[in-house]
Structure formats: structure tokens, C-alpha cells
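Reader: Please show the model, and then let us go through it by question and answer.

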Amino acid sequence: MYRLEMYLPRHVVCGLTCAAFAAACSHQPAGDKASADYDKATGRLSRLVFDLNKNGKNDSVSYMDGTRIVRVELDLDENGKVERWDFYRPDGNLEKIGFASKDDGVMDSQAFYDPPGVLQRIEISTKRDGKYDRTEFYEQSVLVRSQDDTNGDGRPDKWDYYTPRPNHAAAEPAYAISATAFDDSGSGRPERRFVYGPKGAVARVEYDRDGSGQWQPRVLRASE
Ligand SMILES: [Ca+2]
Ligand SMILES: [Ca+2]
Ligand SMILES: [Ca+2]
């Protein structure tokens, strides 16, 4: 995943405010030109339209507060629908990236980053209705936990836990699922969980009905 702020927008911003822009434009193929809009009241730069993949057709829009990038919208396959949104914090660091998995202009996932640019979590709208009902949590870019709101009441009711697999084969995931927990009564917390064995089969079922944090195991019989 590339970091947009590392190359183009700042150059474009600079280009629009200094003589270097004219030189840069001379290397563009024939076609669309980059354009800029300015706030009528303040005169500050508010919007840039430019050709990120340099094929002669504009594909990206950067919303600006002067020289600060607020949000960049990307349509790099130029089908007229945004497939990616980059959001920036006031300090210039990347806050999150939104994606349209169907390349139709409908954002259905958003990946959040901490200030050094490290992935923290991904929120997913599984029904693509603007409600983010699944969240995946990452540590060192590896999935460690996820939670789902399976009944749409706005609260998670299913949790999955993952164990990193640092020596995994290239074609295999970097994690293995270690447990799945459920909220059976609507309490808002895990009450029952499946703990998986090393080969992925359920090794035991545990209960924490009273929310004490003390899980009581129940060993499965062969018939179960
Ligand atoms: Ca283009
Ligand atoms: Ca597109
Ligand atoms: Ca729920």
C-alpha cells in the first residue's frame, strides 16, 4: 500500500505555488491539466484535481486547507467512481484510508493508522450500508482480534482471537484463529467461547456467564 502523501500531492501543492509546477507540467502527456480551486472568501487553496497515474486523464481530487491536505479521493482506474479515500490529521499525518471494495464510490472499509503510519484497525461495513459492523485489530500489521455485530444492534456480540504465525508459509495467513467468543444474552460482553486446538478443531467450550473474567471450561465429549 503506497502512501500518497509521500509523493504527489505535496509536489502538486508546491507546483501550484512555485515555478516548479510549470516545469513538471511540461512532462505530462497531452490531456487533462491539473487544476486548482480557491476559497472565494479567504483565497486559500481548497481543491486540487490532478492526474496521479500520469496517463493524461485526471483521476484524483485533493481537498485542501491552504497547503494542508485534508482528504484525497482516488479514481485511478478512471471509471468515474472513487475507490479510495485518504484522510489526513491536522498535523499532516495519515489518519485513515477508506476503500470501496466494489470500486463503485461506496466506502465499505476504513483502515486507521497511528501517527507513525502503523495500521491499528480496519472497520468494515459488511452490508455496505454505512454501518461498520466488523472491526479488525492489528499489532505490527498482523491481525490479533476481531469483533462483529452480527444482529445489527450497534454492539459487538462475537469476538475472534488470533495467534500470530511468524513462520507461516507464503501462501498461508500470518495468523491462526485461537478462540471465538459469543454474547448469548445481549449483555454486551463475551459469555461463551470456543477455544481451538493447534489444528483448528474446537478443543473446549468455556463459559463466563457472570462477566467475572473467570472462564469455566467444559471438555467436549466424543459425541459432541
Ligand atoms: Ca490518470
Ligand atoms: Ca474507480
Ligand atoms: Ca450486536
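Author: Two strands pair if DSSP finds at least two bridges between them. Helices (H or I, at least four residues) and strands (E, at least two) are DSSP runs, numbered from the N terminus. This is a predicted model, in which local features need pLDDT of at least 70, side-chain atom pairs count only at pLDDT 80 or more, and totals for chains, interfaces and linings use all residues. Residues are numbered from 1 along each chain as its sequence is written, while chains are lettered from A and ligands numbered from 1 in the order in which they are written.

Reader: How many bridges join strand β5 to β6?
Author: Strand β5 covers residues 84-88 and runs antiparallel to β6. The number of bridges joining β5 to β6 is five.

Reader: Which residue is the bridge partner of F99 in β7?
Author: β6 also pairs with β7, in the antiparallel sense and over four bridges. In β7, the partner of F99 is S109.

Reader: Which residue in the hairpin of β1 and β2 takes a positive phi?
Author: β1 (residues 35-38) and β2 run antiparallel and are joined by four bridges. Y38 stands opposite L45 in β2. Six residues lie between the strands of this hairpin, and the one with a positive phi, near 80°, is G43.

Reader: What is the mean pLDDT of the chain?
Author: pLDDT is the predictor's confidence in each residue, from 0 to 100. A value of 70 or more is reached by 84% of the residues, and the mean is 87. Over residues 1-26, however, the pLDDT is below 50. Beyond near neighbours in sequence, that stretch has 24 contacts in the model (two residues are in contact if their C-beta atoms, placed from the backbone, lie within 7 Å). For the chain, the mean pLDDT is 87.

Reader: Is K54 buried, exposed or partly exposed, and where is its place?
Author: K54 is in the loop between β2 (45-50) and β3 (60-65). Its phi is near 55°, a positive value in a residue other than glycine. Because 13 other C-beta atoms lie within 10 Å, K54 is partly exposed.

Reader: Which residues are in contact with G31, leaving aside its neighbours within four places in sequence?
Author: G31 is found in the loop between α2 (20-25) and β1. With 11 other C-beta atoms within 10 Å, G31 is exposed. Its C-alpha atom is separated by 8.2 Å from that of N55, 24 residues apart along the chain. Beyond its sequence neighbours within four places, G31 is in contact with G56 and K57.

Note on methods
A residue is buried if 20 or more other C-beta atoms lie within 10 Å of its own, exposed if 12 or fewer, and partly exposed in between; C-beta atoms are placed from the backbone.
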